[in-house]
Amino acid sequence: MRTVTPDNITDVFTSYFGPDTDPRVREVLTSLARHLHDFARETRLTHAEWRKGLEALEWAGRITDPERNEFVLLSDVMGLSSLVDMLHSVPGATSSSVLGPFHVSNPPPLPIGGDMKRDFEGQVLLVEGHVRDTDGNPVGGAKLDIWQTAPNGMYSSQDPDQDIHSFHALMTADENGRYAFTTVRPVSYTVPNDGPVGQILDAAGRHPWRPSHLHYIVTAEGFRTLVTEVFPDDDPYLDQDTVFGVRDDLVMTYVEQPAGSFPEGFALSGKVPDAYSRVEFDFVLSKA
Ligand code: BEZ
Ligand code: FE
C-alpha cells in the first residue's frame, strides 16, 4: 500500500511485519501501534505536544543510571507497573506490588526476633506473621527480604548519612513459616520528582507522595517469588498512592501496646519499657 492516510496507517504498520515475526511480538507491537495511533487521532496530537513528550523521554534517558531509572518511575506513576502486576496476580495469594528503586542487594541476615532499627530513634514497631501456601500450610524456611525508609523518609541508598544496609534485612522463616522482627514505623515519602516524571505530576496537578510501607520480597523453593509491600490503614496517602501500589489485602493495622508489655523472644526484650506498636501480617505464596 503506497498511500498512507490517517485512517489506514495502523493497517499499513501491520502489513510491514516480516513473515517470520514471532506471533507474540506481532501481537504486542500491533496492539501498541493501534493504541498509539488512536491516541494521536483522538487527541489530534500537535507537533509541539509530540515534541514535548519526546523531550521528556530524552530527559528520562539522560538521568537514568544503575541507581535511578526514570523510565520505571514513569511506568509507576502512569499506573502501568501496577496494572501489569494486577493482571498476573494469583487468586488466593498475597497481592504483589511495586518493587521501587530502593532495594539493595545482599541485605544483612537478621535472625527471627532481631532488630532492624539498630540505633535509630522512634517508637518500636513489632512486626510478625507467617508465610503460608494457598492451602494454609506453613512455608518453612521461606526467605523474607525486608526494607523500608528511615524515620527521615529516606532509603539508605538516598541518604549519605545512612549505612547502605540500614533498614534492610534478610530473614529466614522458621519451620512453621513464622517471621518476626522489630523496627520503627516507616514514613510516607515522595518519589523522586526533580526529573521529567516530577514535571508530569506537576502538570497533572498530582502530588508525588506514597503512603508509608514495608517492602518485602518473599521467596521459597517451588513457589512464585512475591514482591510486595504492606501499608498501615491510618496513612493519609493510602487512597492516593502516586504509584497505585495499594491493594485491600496489603493494608494492616498498627496496634498500640501498653508500656511494660513488650514480649520475650526478641533482641529488644527487656529493653522496651515504653508503649510500642505491633502489626501482624501473613503472606500467602502461590505454587511456581
Ligand atoms: C518505593 O516504594 O520504594 C517506590 C516505588 C515506586 C517508585 C518510587 C519508589
Ligand atoms: Fe518504598
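This is a predicted model: local features need pLDDT of at least 70, side-chain atom pairs count only at pLDDT 80 or more; totals for chains, interfaces and linings use all residues.
Leucine 126 stands opposite arginine 278 in strand E12. The two strands concerned, E2 (residues 124-133) and E12 (residues 276-280), pair in the parallel sense over four bridges. Strands here are DSSP runs of E with at least two residues, helices are runs of H or I with at least four, and both are numbered from the N terminus; two strands pair if DSSP finds at least two bridges between them. E12 also pairs with strand E11 (residues 255-257), in the antiparallel sense and over three bridges. There, serine 277 of E12 is the bridge partner of glutamate 256.

Residues are numbered from 1 along each chain as its sequence is written, chains are lettered from A and ligands numbered from 1 in the order in which they are written, and side-chain values use heavy atoms, with hydrogens and water left out.

Next, the domains. The chain is divided into domain 1 (1-45) and domain 2 (80-285), with bounds that come from an automatic or database domain assignment. Their centres, taken over C-alpha atoms, are separated by 42 Å.

I turn to the metal site. Which residues coordinate the iron ion (ligand 2)? They are Tyr155 (OH), Tyr189 (OH), His213 (NE2) and His215 (NE2), at 1.9 to 2.1 Å. Tyrosine 155 lies in the loop between strand E3 (143-147) and strand E4 (168-172), and tyrosine 189 in strand E6 (residues 189-190), so that the pair, 34 residues apart, links distant parts of the chain. Donors are N, O and S atoms within 2.8 Å of the metal (3.2 Å for Na, K and Ca), and sites may look incomplete, as water is not among the atoms.

Are these two tyrosines buried or exposed? Tyrosine 155 counts as buried because its relative accessibility is 0%, and tyrosine 189 is buried at 5%. Buried means under 20% relative accessible area, exposed over 50%, and partly exposed in between (1.4 Å probe, protein chains only).

Finally, the largest pocket. Its lining comprises 29 residues, and Phe39, Gly53, Leu57, Leu74 and Ile200 lie nearest its centre. A pocket is an open set of points on a 1 Å grid over the protein atoms alone, where a 1.4 Å probe fits, with protein on both sides within 12 Å along at least five of seven lines; lining residues have an atom within 4 Å of a point. Helix H3 gives the largest share of this lining, 10 residues.
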